[in-house]
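Here are a few friendly notes to read alongside the model. Keep the sequence and the 3D view open as you go.

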Amino acid sequence: MFMNILANAIDALEESNQGRDFSEIEKFPNIITISTELSNDRKSVVIKFKDNGIGIPEETQSRIFDHLFTTKSSEKGTGLGLSISRQIIEEKHGGSLRCKSVVGEGTELAIAIPINM
């Protein structure tokens, strides 16, 4: 699931580079940040994947975890990755997978996994 989320971030950054020349990319480079933290209630570990790509429109955000939904061409995506990732996180680990995105600013996917003590 981590590799799938990371691959989606890379794809988003590649898409955001279309139409940009090297000097523009050099001035405003693509960035993927991966961070970990404890949730506010200290009951879960939260892993965040954040990119500074093109972002996801609001109407698309509501569908990104749907089975077989993809915005990619058939050569690049099947629409299974985020759906399966969410299923594993929720059903196998009792966690959650959330998306926050702003068009033109980027996207953050956050995985929260309960800590069993």
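**Notes on the salt bridges**

1. Start in helix α4 (residues 81-92), where glutamate 90 and arginine 86 are four residues apart, which means about one helical turn separates them. Helices (H or I, at least four residues) and strands (E, at least two) are DSSP runs, numbered from the N terminus.

2. This is a predicted model, where local features need pLDDT of at least 70, side-chain atom pairs count only at pLDDT 80 or more, and totals for chains, interfaces and linings use all residues. Residues are numbered from 1 along each chain as its sequence is written, and side-chain values use heavy atoms, leaving out hydrogens and water.

3. The term means a side-chain nitrogen of Lys or Arg within 4 Å of a carboxyl oxygen of Asp or Glu. Glutamate 90 is partly exposed at 34% relative accessibility, and arginine 86 is partly exposed at 24%. Here buried means under 20% relative accessible area, exposed over 50%, and partly exposed in between (1.4 Å probe, protein chains only).

4. How many salt bridges does a search of the whole structure find? The search gives three. One of them joins lysine 48 and glutamate 37 at 3.4 Å, N to O. This pair links distant parts of the chain, with lysine 48 in strand β2 (residues 44-51) and glutamate 37 in strand β1 (residues 32-38), 11 residues apart.

5. Finally, look at glutamate 108 and lysine 100, whose closest N and O atoms are 3.6 Å apart in a salt bridge. Glutamate 108 is buried at 13% relative accessibility, whereas lysine 100 is exposed at 56%.
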